[in-house]
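Visitor: I've got a model open on the screen and some questions about its rings, strands and charges. Can you walk me through it?

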Amino acid sequence: MIKLLRKPGVLLLLTVFILTCLALAGCAMSPVDLLKGRGKAKTGQPAGGVPAPGGTKRSLSLQALVDHGMDVMKRGVSFDYIVTGSSGTMTAKMWVQGYKFKFDGTFGGEKMVSIADLEKKEFITYYPTQNKAVKLAADSPEIKAEPPTRYIKMIDYSKAQVLGTELCNGASCRVVLLPGENGGQTKMWLREDCGLPVKVEATATGGGVTVTEYRNLKFGLPPGTFELPPGVEVVDINKMLEQLQ
């Protein structure tokens, strides 16, 4: 394993992986915290079924709508993830179910698929062009690619302002404004049928705007969503470090 670590190709792979982890780290709140103690609707809505798009949710309070969205995330959802800011636009695909996350995008010109199991504290980054993957265990896993729960969890119900309803990305949405400190604010469009945001517009104190969109939401995930394709060579970083020690 030490000889393998000394090979330039492996070192490059590890360097890219570490940089990727640093890029994904630093979320204000880890997904574990985002999901803690949530997911039960408070209005008698059963936890079993996902409402069809166009279903009536306007009678729900804002908090009940958010709770329903947390429950939907626990049961599994996929979406296109688009972030537009001053540095450009990033697009990716994301799958979330309970404590499992999968993120498919391009970093530094190379396609990468990151899979995280937050209960097992396990991260796998898969490089399809190389048919290789690296595996890492972490005590405090965090993901920077913001799932919808990142935003609905930050709602302060005592300060949130409901501005009305609008059509956004083809869905009826409740528009919510969250005042921030020093002039900043966050505006989000929550789907009335599932409680998840389809668009979040964050304005910084200095006036810079970052827009995050969740498009093509699909409810329920097929078996094997968080598994690697067969035949992928997996390098376990923790085992390598143990042998080095």
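Visitor: Are F79 and Y214 buried or exposed?
Guide: Keep in mind that this is a predicted model, where local features need pLDDT of at least 70, side-chain atom pairs count only at pLDDT 80 or more, and totals for chains, interfaces and linings use all residues. Residues are numbered from 1 along each chain as its sequence is written, and side-chain values use heavy atoms, with hydrogens and water left out. Buried means under 20% relative accessible area, exposed means over 50%, and partly exposed is in between (1.4 Å probe, protein chains only). On that scale, both F79 and Y214 come out as buried.

Visitor: What kind of aromatic pair do F79 and Y214 form?
Guide: Rings of Phe, Tyr and Trp (its six-membered ring) pair if their centres lie within 6.5 Å; planes under 30 degrees apart count as stacked, over 60 as edge-to-face and the rest as tilted. For F79 and Y214, the centres are 5.2 Å apart with 85° between the planes, so the label follows from the plane cut-off. That makes the pair edge-to-face.

Visitor: How many residues apart are F79 and Y214?
Guide: Strands here are DSSP runs (E, at least two residues) and helices are H or I runs of at least four, numbered from the N terminus. F79 sits in strand 1 and Y214 in strand 11, so the pair links distant parts of the chain. The separation is 135 residues.

Visitor: Why is the pair of Y81 and Y214 called tilted?
Guide: Both of these residues are buried, Y81 as well as Y214. Their ring centres are 5.9 Å apart, and the pair counts as tilted because the planes stand at 45°.

Visitor: Which residues do ring pairs link into a cluster?
Guide: A search of the whole structure turns up three aromatic pairs. Those ring pairs give a cluster of F79, Y81, F103 and Y214.

Visitor: How many bridges join strand 1 to strand 11?
Guide: Two strands pair if DSSP finds at least two bridges between them. Strand 1 covers residues 77–85 and strand 11 covers residues 209–219, and they run antiparallel. V83, for instance, stands opposite T212 in strand 11. The bridge count is seven.

Visitor: Which are the edge strands of the sheet?
Guide: Twelve strands make an open sheet with mixed pairing, in the order 7-8-9-10-11-1-2-3-4-5-6-12. An edge strand pairs on one side only, and that goes for strand 7 (161–168) and strand 12 (233–236).

Visitor: What is the distance between the closest N and O atoms of D71 and R75?
Guide: A salt bridge is a side-chain nitrogen of Lys or Arg within 4 Å of a carboxyl oxygen of Asp or Glu. D71 and R75 are four residues apart in helix 4 (residues 62–75), so about one helical turn separates them. D71 is buried at 9% relative accessible area, whereas R75 is partly exposed at 22%. Their closest N and O atoms are 2.5 Å apart.

Visitor: Which residue forms a salt bridge with D104?
Guide: D104 is buried, with a relative accessible area of 18%. Its partner is partly exposed at 36%, and the closest N and O atoms are 2.6 Å apart. That partner is K111.

Visitor: Which residue lies over the face of W95?
Guide: A charge sits over a ring if NZ of Lys or CZ of Arg is within 6 Å of the ring centre and within 35 degrees of the ring normal. Here the distance from the ring centre is 4.7 Å, and the residue is K102.
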